[in-house]
Amino acid sequence: MNQDYLELAERIGARICRDAVWRRGRCNWTADFLDGNSIVHGALGPDLYDGSSGIALFLWRLAASTGERIFRVTAEAALGQALDRLPVHGCGLYSGGLGILYAAAEIRQDYDQETLLRQAAPDREKLDLIDGSAGAIAALLHLYAHSPCTELLDAAIVHGDLLLTEACRSAHGWSWRTISAARNLTGFSHGASGIAWALLELYSATGELRFRDAALEAFRYERHWFNPIEQNWPDFRDQHTTYPVYWCHGAAGIALCRLRAWQILRDETLLAEARVALHKVADSSSSLRNFSLCHGQSGNGDVLIYASQLLEEESWLRPAEKIAQEGFECFEQRRVPWPCGLPDANETPDLMLGLAGIGYFYLRLADAAATPSVLLPVRQMG
């Protein structure tokens, strides 16, 4: 375990605990967030992405690594706050109720199955990893691996078949309409990669070839749009096409997806695509403007850590450690605010945009084997 990285994660965790607002054995935080086109300040919601359950998960992992009681107590109180808000709208892993129950299962090693199955109800308007069926599959299969129950697997299959039904099938492959965009998206959070990953996990759990074949069609769609000059995949959210290097959109998330896909299928084309994406991530991370997990340097560093684990290649750790050192020198050492994922806003405490995610990245660097990634919550590494 790297003690320097652990101590930095511990200092971030201590700040988060200091800023918690307590009432009757529960705690939450206030922070800036986007309301339409305006930044406002208010209490956090319960979700995994930018709410109390995501912070709870980080603090729980930190408690396990440090033995510090304050992290464990605050994590339990934050999770209790999130669970008190159930049911919530949506089945997505990061924005919906299943993400809260995923955090509860990780922290408490238990969850309410009846509540979980209610939260897993599909919505034809929500298909992606953040908000919809792809995320639901990930959460359901993760819980199924720890506590085999045919109802969980059956619910995941329902979401998988919905994704097959809703696929836009073209000569270039399969894609999905998820959020408003010039074309159906590539990429992990709202695009074809995230859906393909969920379908491959479902294939791995069930052996049903229709899910594998659909995932391969999604990869074919992304392969069609790959730009060899940019060595990257396009982001179609705006009329002007860009080529970002994020977990949510672009090379980082696509690298993560291809690595896991190669692990499942052992297809060398997928591994070659993963390596192209990883080189783009390693070369571009220092140009990112923030340190968040979702679309910043921590997320890219986490992808590089995952690559070093899965491929057993230490070379991918070096750019991740460079990111970590830059963060320490630019922000921690100078005692200035960490740049979080919400532009023109203050530091936020949450997982995917804020301090909890930055702390999680340093915790992963300290001991990746003991700290599973929250960017690809796979059922197993082996």
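What is the volume of the largest pocket? The volume comes to about 620 Å³, in what is a predicted model, where local features need pLDDT of at least 70, side-chain atom pairs count only at pLDDT 80 or more, and totals for chains, interfaces and linings use all residues. Residues are numbered from 1 along each chain as its sequence is written, and side-chain values use heavy atoms, with hydrogens and water left out.

A pocket here is an open set of points on a 1 Å grid over the protein atoms alone, where a 1.4 Å probe fits, with protein on both sides within 12 Å along at least five of seven lines; lining residues have an atom within 4 Å of a point. Its volume is the space filled by probe spheres set on the points, which are joined across faces, edges and corners. The largest pocket has 24 lining residues, and H295, G341, L342, P343 and L353 lie nearest its centre. By type, the lining splits into 13 nonpolar, six polar and five charged residues (nonpolar: Ala, Val, Leu, Ile, Met, Phe, Trp, Tyr, Cys and Pro; charged: Asp, Glu, Lys and Arg; polar: the others, Gly among them).

Zooming out, the protein chain holds 14 helices and six strands (DSSP runs numbered from the N terminus: H or I, at least four residues, for helices; E, at least two, for strands). With 382 residues, a compact globule would have a radius of gyration near 21 Å, and the chain's 19 Å agrees with that (taken over C-alpha atoms; the rule is 2.2 Å times the number of residues to the power 0.38). Those C-alpha atoms fill a box of roughly 55 × 45 × 40 Å along the principal axes. Buried residues make up 58% of the 382 (buried is under 20% relative accessible area, exposed over 50%, partly exposed in between, with a 1.4 Å probe and protein chains only). Of the contacts with a separation of 6 or more, 65% join residues 24 or more positions apart (contact: heavy atoms within 4.5 Å).

R364, in helix α14 (residues 355–366), counts as buried because its relative accessible area is 1%. Not counting residues up to four places away in sequence, R364 touches D302, I305, Y306, Q309, T371, P372 and S373. H146, in helix α6 (residues 133–146), is exposed, as its relative accessible area is 55%.
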